[in-house]
2 protein chains.
Amino acid sequence: MKMFSAETYKQRREGLKKQLSSGIVLFMGNEEVGMNFKDNVYHFRQDSSFLYYFGIDVPGLVGIMDLDEGTEIIFGNELSIDDIVWTGPLPTIAELAANAGVSQTRPTTHIEEILKTAKAQQRTIHFLPPYRSVNKQKIQAWLEIHPEQQAQEASVELIKAVVAQREIKSEEELQEIDKAVNITSEMHLTAMKGAKPGLIESQLTGLVHGKAISGGGDLSFPIILTVNGQVLHNHYHGNTLKEGQMVLCDCGAEAPSHYAGDMTRTFPVGKQFTERQRELYQIVIDAHEAAVAALKPGVRFKDIHLLACKTLAEGLKGVGLMKGDVEEAVNQGAHTLFFQCGLGHMMGLDVHDMEDLGEQYVGYDESLKKSTEFGLKSLRLGKALQKGFVVTVEPGIYMIPELIDMWKSEGKYADFVNYDKVETYKDFGGIRVEEDFVITGNGADLLGTPVAKSVSEVEAVRASSF
Amino acid sequence: MKMFSAETYKQRREGLKKQLSSGIVLFMGNEEVGMNFKDNVYHFRQDSSFLYYFGIDVPGLVGIMDLDEGTEIIFGNELSIDDIVWTGPLPTIAELAANAGVSQTRPTTHIEEILKTAKAQQRTIHFLPPYRSVNKQKIQAWLEIHPEQQAQEASVELIKAVVAQREIKSEEELQEIDKAVNITSEMHLTAMKGAKPGLIESQLTGLVHGKAISGGGDLSFPIILTVNGQVLHNHYHGNTLKEGQMVLCDCGAEAPSHYAGDMTRTFPVGKQFTERQRELYQIVIDAHEAAVAALKPGVRFKDIHLLACKTLAEGLKGVGLMKGDVEEAVNQGAHTLFFQCGLGHMMGLDVHDMEDLGEQYVGYDESLKKSTEFGLKSLRLGKALQKGFVVTVEPGIYMIPELIDMWKSEGKYADFVNYDKVETYKDFGGIRVEEDFVITGNGADLLGTPVAKSVSEVEAVRASSF
């Protein structure tokens, strides 16, 4: 993978140290995971915070920073000649560590004693919340913390310090994100050009997935490519595309550096949208544009989310699916029948950046706690934007038959929802349009190569693909 | 995924019960694994024995069979309406279990009490060796077995019974394997047609990977596609293809049913092999054909491996890379400088079928223990073949500079290796040719659509791709 210079990693670690008081900071690298047996592994994905502070894209490593003694150590095991027959010659742990500006390395077995000694001396051991089972097990063994307690025992001081650094993207990070979004753009153009009636979703998904691999990295998250766009996280790819349907494709690549892209396009299987598809598609575009125009430092993303919701509700009222006072409808949450999720999220080394560290720290702050209401509880980012944040904007309209049936039978939001008309949209599917932006000094810039988005642009691509 | 009939799964479980005496049989299904945070998951891969006995391709399930009471239970948790918004409506656990012919289901939380009660009554709890960290943790909690002890505590009686069933493929299994190998053939043809000087390995890998996804399943193992074929498990895809080099592509797809394919082709980046590439390629083909001709019930695969080794050694002597008595050279292991691994392995629901159950049970038996010698210790299958076995045949020649340097400096096999000539091959790379076969009553049948293999066939495909 592309690493930054040793100086970059040193500066990041220095920046982290300045925010922390004392103790030992423990960074758990990831290990290989066997799919159906130990040695048949998924593609390796290093932990993102480990990548951010050390950049070493190799399994089985642990990094520590001793805040009081000022030492930094990478723990890992060297290859034997038997390994080299299978894997070829690889850099030593010391060489890998040197690339990250770390001069001390030790075998993996040494970590346990160092941590147990520190614990016996009642020193603080800062660690981030583990999400991989094997790292939970290690922390349990080393620090004698029960797996169920690990999220609570993770260091809030460390989490906040890491978030404060990682949420502001540097120029060299933005270049990597741009590469990832460019590959992502290619994936979307491939889907939009490759669709045709009679194709199975998986056939099209293969072309899209292949583009990510050809870009030198991998997927940044599992591909959603479906004629049932109303299912928000739909990974079933067995349907046959039919004229009259829409394909919702939500996918993204990682650059070789592991920075992520994440975009969504929705397009007709045929050459053109149907009339009612075009109407609702335009409403989503309007909400998207309203939100993008509002992106700038100091504005709460929650307010931009609500602005998009109001734009959606106005449009839905315009076509007779909603009714009554739009402001009040959104205040009460009536639009969540059609838009059940959030407007967007942070993006960086993770597609949902730093989601492992906790949304309360990444997307919210002391002045704004996350809501528990339906709709807002799925908004991953609420706090005020800052220059250097990278965010997605992804409004949508989703006709979920089970939710419509349930709320209709409960008479929920009956003042704002025209259920008789909604009934006729139960087979409609879903629409989402998503792009990635970096917050600038006074607004936001689109990341990556633009992909056809307006009704006319999308229909032009589709028409030229037959 | 495609499941077989409930009757098939019932028969398999009945067949298993007949081989076991008493106690409870515990089958651990797999869970989702987060890549870089909990909810950003790798593609789900169910445990293969769970698939074999229950066929349910859903995460988070556990199955038990009580041998004494005759009961069978699937443990799993139902979806809430909140889940349905994100995942769409899915079958209930009871419906999934019914498809597998299991009538009892319970919430996941009930399993612990059942197992603890059984343990308190000193009943035997049979389980297979866990390979996923989270299942190790569960078994540790439920049965109070330390993670390090789990391989030893696994039930040898159960392992042997499962191997006895799974190693003999039924007609309906062979149809699924054939589908997987057909997709695999397409992947290879894509690589062979798509290569050209100037392409980066990852660009070609993307096309190949995409074919697997388009087939409706996924990869059966990580793709090896490299100009450095001498590195046996090479997953680096960053080199640029150059005229004069060869591409070694070892890849395979899973059918949607999760049965695997696994093939290797080696072809020139240009239109033709160079003279010395063609010479060594033909030696590998000769070894491949000798091995295939020897496949039949009752013959030990170890003997076929040694036959292939002898054919390789004869060919290598013919071009002056080896010397002396060929029989003696192979007896002493001198050919392992060029062919460091095994001739092949079992294939089925796993690409290395049942590797999680232990090679000593899958590839060997009471009458034949696995060797610890270099070369033979990497032979995964040694025992006598039976009708219904599915095996790969994959001889190769690999010029590993580090190994050549080491053995030359040690004077190892100096009577059989012409090191002066070998020195001139240190930049040669590697060649492997691999196909999949089912053992029939009196021989073996090739699985899947044949792909260009002979020198002239491969060169014809390459010539037509420019």
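Q: How much area is buried between chain B and chain A?
A: About 4,900 Å² is buried between chain B and chain A, and carbon and sulfur atoms give 61% of that area; buried area here is the accessible area (1.4 Å probe) that two parts lose on being put together, summed over both. This is a predicted model, in which local features need pLDDT of at least 70 and side-chain atom pairs count only at pLDDT 80 or more, while totals for chains, interfaces and linings use all residues. Side-chain values use heavy atoms, with hydrogens and water left out, residues are numbered from 1 along each chain as its sequence is written, and chains are lettered from A and ligands numbered from 1 in the order in which they are written.

Q: Which residues of chain B lose the most area to chain A?
A: Those are B:F37, B:Y42 and B:W86, which together account for 16% of what that side buries.

Q: And how many residue pairs are in polar contact there?
A: Between chain B and chain A there are 23 residue pairs in polar contact, both residues being at pLDDT 80 or more; a polar contact is a pair of N or O atoms within 3.5 Å, where within protein one must be able to donate a hydrogen and the other to accept it, and residues adjacent in sequence count only if both atoms are side-chain atoms.

Q: What about the symmetry, how does chain B superpose on chain A?
A: A rotation of 180° with 0.0 Å of shift along its axis does it, with an RMSD of 0.0 Å (least squares on the C-alpha atoms of residues with pLDDT of at least 70 in both copies). That is the relation of a two-fold axis. In chain B, the C-alpha nearest the axis belongs to B:G210, at 2.1 Å.

Q: Changing topic: is A:T264 buried or exposed?
A: A:T264 is buried, with a relative accessible area of 0% (buried means under 20%, exposed over 50%, partly exposed in between, with a 1.4 Å probe and protein chains only).

Q: Which side chains does the A:T264 side chain make polar contacts with?
A: The A:T264 side chain makes a polar contact of 3.1 Å with the side chain of A:D250, and another of 2.6 Å with the side chain of A:E434.

Q: What else does A:T264 touch?
A: Leaving out residues up to four places away in sequence, A:T264 touches residues including A:H188, A:L248, A:C249, A:R432 and A:V433, where contact means heavy atoms within 4.5 Å.
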